[in-house]
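Trainee: I'd like to go through this one with you, from the overall picture down to single side chains. Can we take a look?

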Amino acid sequence: MQIWTKASLVLGMGLALTVAGAPNTANAASKTKVISVTKVARQAYHGKKGNVYKTAKLSKVAYRLNKTKSTTWYVTKQAVVKKHGKKVQVKYVQNKAKTKKGWVYSSNLKAGKANNFNNDSTAVGRYVSTGSVTLQRAYNSANGTYGNLGFSIGSAWNYDGYANPDKLKDVIKDQKALVNLYRSTFKNRFSKTQNTLLSATANELAAVKATEGNKDLIISKMETFSDMLGTQVSQLS
């Protein structure tokens, strides 16, 4: 017959607790499981909240999305992960230079490039420089905000003295500059409804071949489109 002393009972209970606790530690380490990984076509995304994790197991944070709002992330693969018993989808992201990378919950990403004021302002100035001298004189470079940048776009193609351009080639230059600015820099940057409207208006403007007889029509269409585009740009942040 085995006799249990108080000391041996305490020791026995300690051992029992230790043994019982071991499986829990193992379970905690295996709570996140990568079920599948799939390659996808490279696509641009951006995010304003959530984390970029070092691995698909989502345990260690590499970056905070709210501190990288101006970063455009490019997705090349996605995974299905089981975390705390629930399946979630995550995407593998890299910045353009591939100096930052990691995994992000798909729900924290939005399709399209991130808003980057410096890049956008530079792009507007670059395309204005391809237009007529009149357009370049009318353009006032934006002063640090999207509100000013949007106003500058609208006012540049609505310059008071522009109603009677001297040369057809100037109208053609400015028509091309405006369409190219939209398509290269701001296409698909707004709401679905606005993107559809802007795209249709840009296509309509681009489809009209400028002639001596329809210069006023082209100017009117540029004024309308630049106002629309400028209004949307002014609401970016």
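Trainee: What percentage of the 237 residues in the chain is buried?

Mentor: Before that, keep in mind that this is a predicted model, where local features need pLDDT of at least 70, side-chain atom pairs count only at pLDDT 80 or more, and totals for chains, interfaces and linings use all residues. Residues are numbered from 1 along each chain as its sequence is written, and side-chain values use heavy atoms, with hydrogens and water left out. Buried means under 20% relative accessible area, exposed over 50%, and partly exposed in between, with a 1.4 Å probe and protein chains only. On that scale, the buried share of the chain's 237 residues is 41%.

Trainee: On to helix H2. Which of its residues are exposed, and on which side?

Mentor: Start with the buried ones: Phe117, Asp120, Ser121, Ala123, Val124, Tyr127 and Val128. They cover an arc of only 160 degrees around the axis, so they sit on the same side of H2; the arc is that of the directions from the helix axis to the C-beta atoms. On the other side of H2, the exposed residues are Asn118, Asn119 and Thr122.

Trainee: How far apart are the end C-alpha atoms of H6?

Mentor: The expected span of a helix is 1.5 Å times one less than its number of residues. H6 has 16 residues (192-207), so it should span 22 Å, and the model agrees: its end C-alpha atoms are apart by 22 Å.

Trainee: Which helices do the buried residues of H6 pack against?

Mentor: The buried residues in question are Asn195, Leu198, Ser199, Thr201, Ala202 and Leu205. They pack against H5 and H7 (215-233).

Trainee: Let's do aromatics. What is the angle between the planes of Tyr63 and Trp73?

Mentor: Rings of Phe, Tyr and Trp (its six-membered ring) pair if their centres lie within 6.5 Å; planes under 30 degrees apart count as stacked, over 60 as edge-to-face and the rest as tilted. A search of the whole structure turns up six such pairs. Tyr63 and Trp73 make a tilted one, with centres 6.3 Å apart and planes at 45 degrees.

Trainee: Which strands does that pair tie together?

Mentor: Tyr63 is partly exposed at 24% relative accessibility, whereas Trp73 is buried at 0%. The two are 10 residues apart in sequence, and the pair ties together their strands, E3 (61-64) and E4 (73-83).

Trainee: Over which ring does the charged end of Arg42 sit?

Mentor: A charge sits over a ring if NZ of Lys or CZ of Arg is within 6 Å of the ring centre and within 35 degrees of the ring normal. Lys77 does this over the face of Tyr92, at 4.8 Å from the ring centre. For Arg42 the distance to the centre is 3.9 Å, and the ring belongs to Tyr74.

Trainee: Is His46 buried or exposed?

Mentor: His46 is in strand E1 (32-46). Among the residues it touches are Thr71, Trp73 and Asn108. With a relative accessible area of 16%, His46 is buried.

Trainee: Last one: where is Lys98, the residue with a positive phi of about 65 degrees?

Mentor: Lys98 has that phi although it is not a glycine. Lys98 is exposed, with a relative accessible area of 56%. Its place is the loop between strands E5 (86-94) and E6 (101-105).

Methods: Helices (H or I, at least four residues) and strands (E, at least two) are DSSP runs, numbered from the N terminus. Contact means heavy atoms within 4.5 Å. Lists of a residue's contacts leave out its neighbours within four places in sequence.
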